[in-house]
Amino acid sequence: MTTAIRRADRHISPVFLALVAVMAVSGWAVWSGQLAASTGFAVFLFVVSGWVVSLCLHEYAHARTALHSGDISVGAKGYLTLNPLKYTHALLSIVLPVIFVIMGGIGLPGGAVFIERGRIRGRWRHSLISAAGPLTNILFAAIVTAPFWLGAMDGVPDPFRYALAFLALLQVTAAILNFVPVPGLDGYGVIEPWLSHSFRRQVEPFAPFGLLAVFGLLWVPEINHVFFNLVDMILRALGVSNWDSYWGQEFFRFWQGESQIPQVGGGA
């Protein structure tokens with residue numbers, strides 16, 4: 001019976017499979033141009049579904065690492081099923097990130113899985129559990145930009161190229177923001193086990209506001225400029241130009257009207 005429960009706890013959720021299906025179908029629509037009258041809407045579906053899939057993988061990475069570190073409770077909580085509806089803070093983990101993608105093109109991180117830290121032994125394990133999520137975003141960014149840095153973009157339709165670039169931008173912004181060492185974010189979780197107990201108790205009350213503080217700082221022009229310069233630098237290292245990511249966001253905002261496809265290289 002225990003074995004059966006464990007297997008059920010690890011079955012991939014139909015909700016996640018549906019998200020992957022939406023990503024695949026919308027990606028095909030963007031590539032093939034079958035929905036030429038609303039390419040922007042297809043790009044929107046592809047990017048949003050891809051972004052939510054990456055959020056599920058982000059939280060799964062936290063949970064899976066915690067499982068192998070000693071917290072067997074993550075299975076019963078449904079965290080290993082990749083079902084976004086099982087997360088403890090679906091609003092912070094799914095809804096708000098999607099809203100901020102729509103509003104500002106920023107991959108907003110969000111805390112979701114509850115790890116029973118008392119079951120974990122060893123500071124390195126605690127740090128790895130926190131790092132596993134944003135490392136997944138980095139891996140996702142590497143995968144979606146592979147055609148760029150492998151020089152395999154010949155023959156790829158422009159809308160699909162731009163959609164991949166914008167999805168990559170979201171992954172890079174999410175990874176950077178997640179690694180900021182502010183209470184409430186994964187970056188702080190990485191260093192927290194190495195801090196003194198008294199210091200951790202002092203900053204603990206600020207954890208619920210850490211994400212809001214970081215996002216608020218991004219409204220400061222100087223900080224915003226530095227942040228997106230770093231994002232652009234990383235994307236360029238992965239072969240993605242400003243031209244690609246800019247037009248990806250333009251197509252994504254289909255409600256502003258269908259974008260005219262520019263020629264690749266015109267502004268790279």
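1. In this predicted model, D244 and R161 are both buried, and their side chains form a salt bridge in which the closest N and O atoms are 2.7 Å apart. Because D244 belongs to helix α13 (residues 242-252) and R161 to helix α8, the pair ties together parts of the chain that are 83 residues apart in sequence.

2. The whole structure has four salt bridges, and those that share partners join D71, K77, E116 and R119 into one network.

3. K77 is in the loop between α4 (73-76) and α5 (90-104), whereas E116 is in the loop between α5 and α6 (123-144), so their pairing ties together parts that are 39 residues apart in sequence. The relative accessible area is 23% for K77, 25% for E116 and 39% for R119, and these residues are therefore counted as partly exposed.

4. Helix α8, which carries R161, also packs against helix α2 (residues 14-32), the two axes coming within 8 Å and crossing at roughly 135°; the helices are therefore oblique to each other. M23, G27, V30 and W31 of α2 make the contact with P159, F160 and L167 of α8, a set that comprises six nonpolar residues, one polar residue and no charged ones.

5. For the chain overall, the secondary structure consists of 13 helices and zero strands, and 49% of the 268 residues count as buried. Of the contacts between residues at least 6 apart in sequence, 73% join residues at least 24 apart, while carbon and sulfur atoms account for 67% of an accessible surface of about 13,300 Å².

Definitions and conventions. Residues numbered from 1 in each chain as written. Predicted model: local features only at pLDDT ≥ 70, side-chain atom pairs only at ≥ 80, totals over all residues. Heavy atoms only, no water. Axes fitted to C-alpha atoms, helices over the stretch in contact; angles between N-to-C directions. Helix = DSSP H or I, 4+ residues; strand = E, 2+ residues; numbered from the N terminus. Parallel < 35°, antiparallel > 145°, perpendicular 65-115°, else oblique. Contact = heavy atoms within 4.5 Å. Nonpolar A, V, L, I, M, F, W, Y, C, P; charged D, E, K, R; others polar. Buried < 20%, exposed > 50% of the residue type's maximum accessible area, 1.4 Å probe, protein only. Areas by Shrake-Rupley, 256 points an atom, 1.4 Å probe, with all protein chains shown as cover.
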